[in-house]
Amino acid sequence: MKINIAIQVGSSEEIEGVLTYCAEHGVRSYSLRALVYALGLAFVRLAKRLADIAFSLLMLLTLFPVVYVVMAIIIKRHSPGPAIVVEAEEEPDGRERSLYAFRLPEAERRSIIARSPRLLNILMGQLSLFS
């Protein structure tokens, strides 16, 4: 059974008192402030994800003909094999994720050009530009 009760209180101390009383007696309680905060966080996450998608799509569509094709041709001329490779990286929580990168010598792997295929990871939601 669920019962919803609205209590008009004047100050945050009164709200804290009611929430503390409910917690001590095993009653789940929610404040409007907490609900608004949770909705705000959800909106921020959605806005960040939409910005990630928009930016990565824009960059992929503008960079692809120029950088990706030229880099793929250069890499293929110097050595056989795929131009874009998948690198395994361990996340802080212990899980492993696959990240895309151009196959370049070790000294050049940290460059922005070498990591530009990671825009695909951003588009798929595995990485984010806006943490």
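Predicted model: local features only at pLDDT ≥ 70, side-chain atom pairs only at ≥ 80, totals over all residues.
Visitor: Which residue forms a salt bridge with Arg-118, and where do the two partners lie?

Guide: Arg-118 pairs with Glu-87, and their closest N and O atoms are 2.9 Å apart. The pair links distant parts of the chain, since Arg-118 belongs to helix H4 (residues 118–123) while Glu-87 belongs to strand E1 (residues 84–90), 31 residues apart.

Visitor: Is Arg-118 buried or exposed?

Guide: Arg-118 counts as buried, because its relative accessibility is 12% and the cut-off for buried is under 20%. Glu-87, with 24% relative accessibility, counts as partly exposed.

Visitor: Which residues are linked in a network of salt bridges?

Guide: The network joins Glu-91, Asp-93 and Arg-95. Arg-95 forms a salt bridge with Glu-91, the closest N and O atoms being 3.4 Å apart, and the side chain of Arg-95 also meets that of Asp-93 at 3.0 Å, N to O. Both Arg-95 and Asp-93 are exposed, and for Arg-95 the relative accessibility is 52%.

Visitor: Which residues make the nonpolar surface patch?

Guide: Leu-32, Leu-35, Val-36 and Leu-39 make a nonpolar surface patch of about 420 Å². Leu-32, one of these residues, lies in helix H2 (residues 32–78), and Leu-32 counts as exposed because its relative accessible area is 64%, where exposed means over 50%.

Key:
Residues numbered from 1 in each chain as written. Heavy atoms only, no water. Patch = residues over 30% accessible without salt bridge, like charges linked within 9 Å, V, L, I, M, F, W, Y side chains within 5 Å. Areas by Shrake-Rupley, 256 points an atom, 1.4 Å probe, with all protein chains shown as cover. Salt bridge = Lys/Arg side-chain N within 4 Å of Asp/Glu carboxyl O. Helix = DSSP H or I, 4+ residues; strand = E, 2+ residues; numbered from the N terminus. Buried < 20%, exposed > 50% of the residue type's maximum accessible area, 1.4 Å probe, protein only.
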